[in-house]
Amino acid sequence: MRIHPEVAEALDAGRAVVALESTIISHGLPRPDNLRIAREIEQSVRSAGAVPATIAILDGQPHIGLDDDALHRIATGGTAIKVSVREIAMLAAVAGDGATTVAATAHLAARAGITVFATGGLGGVHRGARDSYDESADLTTLSRTPVLVVCSGVKSILDIGATLERLETLSVGVIGYRTDRFPAFYLADSGFSLDWWVQTPKQAAAVLRARDRLGTDRFGLVLANPIPAEAELDRELHDRVLADGLAAAQAADVHGKDVTPFLLDYFHRETHGASVSANVALVLANARLAGEIAVAYAGS
Ligand code: PSU
Ligand code: MN
């Protein structure tokens, strides 16, 4: 692994660092805006007083923290494939470029000693998983990776109830940020409630500290931060595009790791950019909150 000097220095000094995923940049947001947004996400982490570490694979080597050239290559180079944990070694062997999913990012972050991680949405159990068995490796990876993922829940393209059940089975704690409702990415409320919530970054850091003391720190935690109210997607538009997108994916026989990027792209096109604005708003808010939590955790 190559740890960026600024990140290495912060980790050595016990200062706040926030890991950021790269699949959202390469496969989750449209070009060319994705490069600017990737920089803004890093800036949000900095505005909270933490150091951003965007994680990706370049020439087969995992990078913890990217310089601007590397960020550029992942965002606009077209060389990076979507990489989950099981593919890191294969990509290393052929010296390829990869954009890491939540699972792969969490794995590499934990190895580098980074605990707090920000993203937009977590992967989960896909609709129809009873037949397809399509469940994101994000869930099983979190069951054995000691990170706190700050996200806006999971998208309604997934089976949210089943995803929450799986998180329970896998011992991954789910905490709402100033809410007792599990968010659904573009919408603040998925209709599912939560048993636990915190009101401040300090309280989230206290959970991390307690878990370190009690030995439950082998599992991941999800901190669910709902999209800011003013950025929510119109619910009717959301429901219509969701139904059409799921039908389009089925008609086009899309499956496996292509499903999530396909549906994201469908949303972007069919909402004429409204879903991208919502996506950007929530990911910037998550990056900032993750920065605040990392600062509180480093100082506690
Ligand atoms: N959900 C989103 N946006 C994304 C992703 C998920 O709202 O960009 C990406 C993340 O990188 C996540 C991955 O880890 O998709 C999950 O893909 P899969 O369902 O193939 O595991
Ligand atoms: Mn899948």
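**Exercise 1. Identify the element that gives the largest share of the lining of the largest cavity, and describe that cavity.**

Step 1. The largest share, 3 residues, comes from H3; helices are DSSP runs (H or I, at least four residues), numbered from the N terminus. The model is predicted, so that local features need pLDDT of at least 70 and side-chain atom pairs count only at pLDDT 80 or more, while totals for chains, interfaces and linings use all residues. Residues are numbered from 1 along each chain as its sequence is written, chains are lettered from A and ligands numbered from 1 in the order in which they are written, and side-chain values use heavy atoms, with hydrogens and water left out.

Step 2. The whole structure holds 1 cavity of 30 Å³ or more, and the largest cavity has about 80 Å³ of space. A cavity is a set of points, on a 1 Å grid over the protein atoms alone, where a 1.4 Å probe fits but cannot get out; lining residues have an atom within 4 Å of a point.

Step 3. The lining includes Leu 20, Glu 21, Ile 24, Ile 25, Ala 38, Ile 41 and Glu 42. H2 and helix H3 (33–47) are the elements that give two or more residues to it.

Step 4. By class, this lining has 8 nonpolar, 2 polar and 2 charged residues. Ala, Val, Leu, Ile, Met, Phe, Trp, Tyr, Cys and Pro count as nonpolar, Asp, Glu, Lys and Arg as charged, and the others, Gly among them, as polar.

**Exercise 2. Locate ligand 1 and list its polar contacts with Val 102, Ser 136 and Thr 260.**

Step 1. Ligand 1 takes up the space of the largest pocket. A pocket is an open set of grid points with protein on both sides within 12 Å along at least five of seven lines, and a molecule sits in it if more than half of its atoms lie within 2 Å of its grid points.

Step 2. The shell around ligand 1 has 15 residues, of which Glu 21, Val 102, Ser 136, Asp 138 and Lys 155 come nearest; a residue is near if one of its heavy atoms lies within 4 Å. The shell divides into 4 nonpolar, 6 polar and 5 charged residues.

Step 3. Polar contacts are pairs of N or O atoms within 3.5 Å. Oxygen atoms of ligand 1 lie 2.8 Å from a polar backbone atom of Val 102, 2.7 Å from a side-chain N or O atom of Ser 136 and 3.1 Å from a polar side-chain atom of Thr 260.

Step 4. Alone, ligand 1 exposes 470 Å², of which the protein buries 93% (Shrake-Rupley method, 1.4 Å probe). Helix H2 (23–28) and helix H12 (259–270) each give two or more residues to the shell.

**Exercise 3. Describe the largest pocket and the second largest pocket.**

Step 1. The largest pocket holds about 720 Å³ of space. Among its 35 lining residues, Lys 82, Thr 101, Ser 136, Asp 138 and Thr 260 are the closest to its centre.

Step 2. H2 gives the largest share of that lining, 4 residues. The lining comprises 11 nonpolar, 15 polar and 9 charged residues.

Step 3. The second largest pocket has a volume of about 430 Å³. Its 15 lining residues include Arg 127, Ala 249, Gln 250, Val 254 and Val 259, the closest to its centre.

Step 4. Helix H11 (235–251) and H12 give two or more residues to this lining, H11 giving the most with 3 residues.

Conventions. Polar contact = N/O pair within 3.5 Å; in protein donor to acceptor, adjacent residues only side chain to side chain. Points joined across faces, edges and corners; volume = space filled by probe spheres on them.
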